[in-house]
Amino acid sequence: MGCNPVHVYRSMSCEECMSPAWVGEVGSRAGWQPLCPPADMGLPAPGFMLPISDPSLSLKYDREQPIFTTRAHVFQIDPSTKKNWVPASKQAVTVSYFYDSTRNSYRIISVDGAKVIINSTITPNMTFTKTSQKFGQWADSRANTVFGLGFPSEQQLSKFAEKFQEVKEAAKLARDRSQEKIETSSNHSQESGRETPSSTRASSVNGTDDEKASHGGSAEAQLKSENDKLKIALAQSSSNVKKWETELQTLRESNARLTTALQESAASIEHWKKQFSACKEENDQLRSKIEELEEQCNEINKEKERNAQLSRRLQELETELQDKELELEELRKQGEIIPQLMSECESVSQQLQDAENKNKDLEEKVRTLRTEVEESKHRQTNLKTELKNFLDVLDGKIDELHDFRQGLSKLGVDN
């Protein structure tokens, strides 16, 4: 038998239905919030002793043995408010069904270290209720509390609930058998108390008849022995009657106490059943409303998403349409100016041809001008040379003239 690990959760309890809020599925509704990673705890070995100080809970394998074990997070109802759940363990702990073969009883026991957090004897009047997909609870009138267990999966919760129902039926069968034994022993004691005096009287009468018939010593001896036997039987029957009366009184008192406890537990269970049924109905209504709202929200979100996609697509199509219209308008304008462009193109071609012709003429003129410029440069060079020669001659003539003037001046002075 293996242990099923469970994550430890903190209860977000509902103030009205006294049950933990919705368990989330790794992500939907809010509910259980993880407090710590799952602990790895093993099952107790055969012949184990629970590490607790209470001798009544020190269970040996030869007396109480586990018949089913799982792991869950344990809660108890808040005794002050009777509404909120209080965690009884800081982590996931082992929860086991134990069977006591000597007392023919069943208990649910859970121990966290050296602390007993669950010690609940199962009675036929108990009911295990599933309040959510992963949470279940039952009321213990003897402990005057309500225990709650949080499981990691719905399958483990279903297994625990099935075992609870099975153990409950076994406890009911054991109670019926014990009541049958009590009734049988009570009837037997009453019948033995009634039959003993009558047998004594019959024996006395028979002895008297024998005494009258025999009238001898052997008859007297036989009568004496029979009287001794009758005295012994009478004493034994008297002691047996007193013993059975005492046991019957004890059984009656026990039955009265059991009846009172049963009535109290039945009344408490009926009260809890009414509260549970009302809470369950309200919880179911809230679940249905939440599911409807979630469906509506999902549909609204899908519609919004589709509308957003359609809006984006519409905008894209409008933009494309505008671009196409602009392109079409440009094409229309270009189509209108194409003839003009063709004529302009022809005129430009003609102008280009004329320009090319002019360019050729200009190039010819340029070549001619270049030739003329070369010739002009050559003539200018020749002119410069001739001018230089002329200036040299002129300088010589001026010098001669100066000399001539000086000679004239001298002649004038001389004259």
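## Glu169 and helix α1

Glu169 lies in helix α1. The model is predicted. Glu169 is partly exposed, with a relative accessible area of 43%. Asn125 sits 44 residues from Glu169 in sequence. In space, the two C-alpha atoms are 9.9 Å apart.

Glu166 pairs with Lys163, and their closest N and O atoms are 3.5 Å apart. The two residues are three apart in the helix, so about one helical turn separates them.

## Overall layout

The protein has two helices and 10 strands. From the N terminus, the order is β-β-β-β-β-β-β-β-β-β-α-α. Of its 415 residues, 23% are buried.

Take the contacts between residues at least 6 apart in sequence. Among these, 60% join residues at least 24 apart. The accessible surface of the protein is about 28800 Å². Carbon and sulfur atoms account for 53% of that surface.

## Nonpolar cores

The largest nonpolar core holds 24 residues. Val74, Tyr97, Ile108, Ile118, Trp138, Leu149 and Phe160 have the most contacts inside this core. Two or more residues come from each of β3 (64-77), β5 (93-100), β6 (105-112), β7, β10 (145-150) and α1. The largest share, six residues, is from α1.

A second core is separate and has eight residues. Trp85, Phe135, Val146 and Phe276 are among them.

Which residues does Tyr97 touch, leaving aside those up to four places away in sequence? The list is Gln65, Pro66, Ile67, Phe68, Arg107, Ile108, Ile122, Phe160, Lys163, Phe164 and Val167. Lys163, one of these contacts, is also the salt-bridge partner of Glu166.

## Aromatic pairs

The count of aromatic pairs is 13. Tyr99 and Tyr106 form a tilted pair, with centres 4.8 Å apart and planes at 35°. Tyr106 is buried, at 14% relative accessible area.

Phe128 and Phe164 form another tilted pair. Their centres are 5.5 Å apart, and 35° lies between the planes. This pair links distant parts of the chain, 36 residues apart. Phe128 is in the loop between β7 (115-121) and β8 (129-130), while Phe164 is in helix α1 (residues 154-214). Phe128 is buried at 13% relative accessible area. Phe164 has 1% relative accessibility, so Phe164 counts as buried too.

Both rings belong to one aromatic cluster. Its members are Phe68, Tyr97, Phe128, Trp138, Phe147, Phe151, Phe160 and Phe164.

## Loops with positive phi

Most residues other than glycine have a negative phi. Asn104 has a positive phi of about 55° although it is not a glycine. Asn104 is placed in the loop between β5 and β6. At 31% relative accessibility, Asn104 is partly exposed.

Asn144 also has a positive phi of about 55° and is not a glycine. Asn144 is in the loop between β9 (135-140) and β10. Is Asn144 buried or exposed? Asn144 is exposed, with a relative accessible area of 59%.

## Salt bridges

How many salt bridges does a search of the whole structure find? The search finds five. One of them joins the side chains of Arg103 and Asp100, at 4.0 Å from N to O. Arg103 is exposed, with a relative accessible area of 60%. Asp100 is buried, with a relative accessible area of 1%.

Glu316 and Arg313 form another bridge, with 3.4 Å between the closest N and O atoms. Both lie in helix α2, three residues apart, about one turn of the helix. Both are partly exposed: Glu316 at 42% relative accessibility, Arg313 at 44%.

## A nonpolar surface patch

Leu387, Phe390, Leu391, Leu394 and Ile398 make a nonpolar surface patch of about 460 Å². Ile398 is in helix α2 (residues 217-414). Ile398 is partly exposed, with a relative accessible area of 44%.

Conventions: Residues are numbered from 1 along each chain as its sequence is written. This is a predicted model: local features need pLDDT of at least 70, side-chain atom pairs count only at pLDDT 80 or more; totals for chains, interfaces and linings use all residues. Side-chain values use heavy atoms; hydrogens and water are left out. Rings of Phe, Tyr and Trp (its six-membered ring) pair if their centres lie within 6.5 Å; planes under 30 degrees apart count as stacked, over 60 as edge-to-face and the rest as tilted. Buried means under 20% relative accessible area, exposed over 50%, partly exposed in between (1.4 Å probe, protein chains only). Helices (H or I, at least four residues) and strands (E, at least two) are DSSP runs, numbered from the N terminus. A nonpolar core is a set of buried Ala, Val, Leu, Ile, Met, Phe, Trp, Tyr and Cys residues joined through side-chain atoms within 4.5 Å. Contact means heavy atoms within 4.5 Å. Accessible areas come from the Shrake-Rupley method with a 1.4 Å probe; for residues, only the protein chains shown count as cover. Patches are made of residues with over 30% relative accessible area and no salt bridge: like charges are joined within 9 Å, nonpolar side chains (Val, Leu, Ile, Met, Phe, Trp, Tyr) within 5 Å.
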